[in-house]
Every structure is written in structure tokens, then in C-alpha cells.
Amino acid sequence: MGTFRVEMGIGDPEGLRYEYVDALVDSGSTYNILPASLLRRLDVQVRRSATFRLADDRRVQRELGQTWVRLNGEEYIAPVVFGDDEAQPLLGAVTLEIFQLGIDPVGMRLIPVEGLMMSAPEIMISK
């Protein structure tokens with residue numbers, strides 16, 4: 001599958017200020033990864049630290065927060081990883097799901113997809 005980039009807006013926690021990045025679409029990455037300096041400039045707070053496995057199987061600790069993300073004119077709060085300041089911005093799988101977007105690898109674009117809502121059959125409770 002080829003790779004492609006999209007413009008992604010990263011907002012401050014109130015959703016009032018946005019900075020835009022050219023993000024690599026990476027469905028193999030769980031969360032969005034952004035330069036820590038960008039997130040700190042927007043006053044995004046660290047909520048916790050988490051362990052992540054890299055493509056070469058190494059494990060690293062990174063700080064994790066959440067803030068507003070803008071894609072295709074829509075805005076939702078999504079998790080963000082505080083990456084190294086030289087980190088390539090990545091658009092990860094969780095945000096794709098939040099926005100109900102899929103990947104068209106041939107057209108190299110994001111496409112709308114239906115959300116899944118699977119439920120167990122109703123269980124009858126006798127009194």
C-alpha cells in the first residue's frame with residue numbers, strides 16, 4: 001500500500017487556536033503522533049505516559065494527551081502522542097475511527113465509512 005499525507009489541524013484544548021500539519025496517514029499507528037513542541041505551544045496537557053511498540057519491535061515510553069483535531073472541516077477530540085520535536089506528524093487509526101474515515105490506498109485519500117454498532121441479542125429476563 002502506498003503512503004500519502006493529509007492536512008490535519010491540531011487545536012488547543014478549547015478549540016480556539018489551530019495549527020496545521022502535513023500528516024502521514026498511518027493506520028499502523030494507534031494514535032496521532034505530533035512534535036511535543038507543537039502540542040506544548042497549543043497548551044495541550046499530558047494526561048499520562050504510555051508504552052508503545054515501534055516497527056522494529058523496540059518499546060518506548062511517550063507522553064499522551066488529548067485535544068481537538070480538524071480533518072475535512074470536522075472537529076473532534078482525539079488522543080495525541082507527544083513525539084520528538086523532529087517527529088513526522090502521523091494520523092493514526094483511533095482518529096480515523098473517531099472521524100469515521102477509511103483509507104482508499106489506490107486514490108490515496110480518506111473516504112467516509114459507516115461506523116459499526118454490534119449488539120448482543122436482547123436477553124429476556126423472567127421475573
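I take helices and strands as DSSP runs numbered from the N terminus, a helix needing at least four residues and a strand at least two. With that settled, I looked up Val44 and found that Val44 lies in the loop between helix H1 (36-41) and S4. I keep in mind throughout that this is a predicted model.

Entry on Val44. I then listed what touches Val44 once its neighbours within four places in sequence are left aside, and the contacts are Gly11, Pro13, Leu39, Gln66, Thr67, Val80 and Phe82.

Entry on Gly92. I next went to the loop between strand S7 (90-91) and helix H2 (93-98), where Gly92 is found. The relative accessibility of Gly92 is 0%, so I note Gly92 as buried. Which residues does Gly92 contact, if neighbours within four places in sequence are left aside? I find Asp26, Ser29, Thr30, Tyr31 and Asn32. The C-alpha atoms of Gly92 and Thr30 are separated by 5.2 Å, although the two residues are 62 apart along the chain.

Entry on the whole chain. I counted 2 helices and 9 strands, and I wrote down their order from the N terminus as β-β-β-α-β-β-β-β-α-β-β. Of the 127 residues in the chain, 37% are buried. Taking contacts between residues at least 6 apart in sequence, I note that 53% of them join residues at least 24 apart. Along the principal axes, the C-alpha atoms fill a box of roughly 60 × 40 × 40 Å.

I find 13 positive and 19 negative side chains, with the centres of the two sets lying 5 Å apart.

Entry on the largest pocket. How much space lies in the largest pocket? I have about 440 Å³ for this pocket. Its lining is made up of 17 residues, of which Ser29, Ile33, Phe52, Leu54 and Leu90 are the closest to the pocket centre. I also checked which elements give two or more residues to the lining, and these are strand S4 (46-53), strand S5 (59-71) and strand S6 (74-83).

Terms used:
Residues are numbered from 1 along each chain as its sequence is written. This is a predicted model: local features need pLDDT of at least 70, side-chain atom pairs count only at pLDDT 80 or more; totals for chains, interfaces and linings use all residues. Side-chain values use heavy atoms; hydrogens and water are left out. Buried means under 20% relative accessible area, exposed over 50%, partly exposed in between (1.4 Å probe, protein chains only). Contact means heavy atoms within 4.5 Å. Lys and Arg count as positive and Asp and Glu as negative; His and the chain ends are not counted. The place of a charge is taken as NZ of Lys, CZ of Arg, CG of Asp or CD of Glu. On a 1 Å grid over the protein atoms alone, a cavity is a set of points where a 1.4 Å probe fits but cannot get out, and a pocket is an open set with protein on both sides within 12 Å along at least five of seven lines; lining residues have an atom within 4 Å of a point. Grid points are joined across faces, edges and corners, and a volume is the space filled by probe spheres set on the points.
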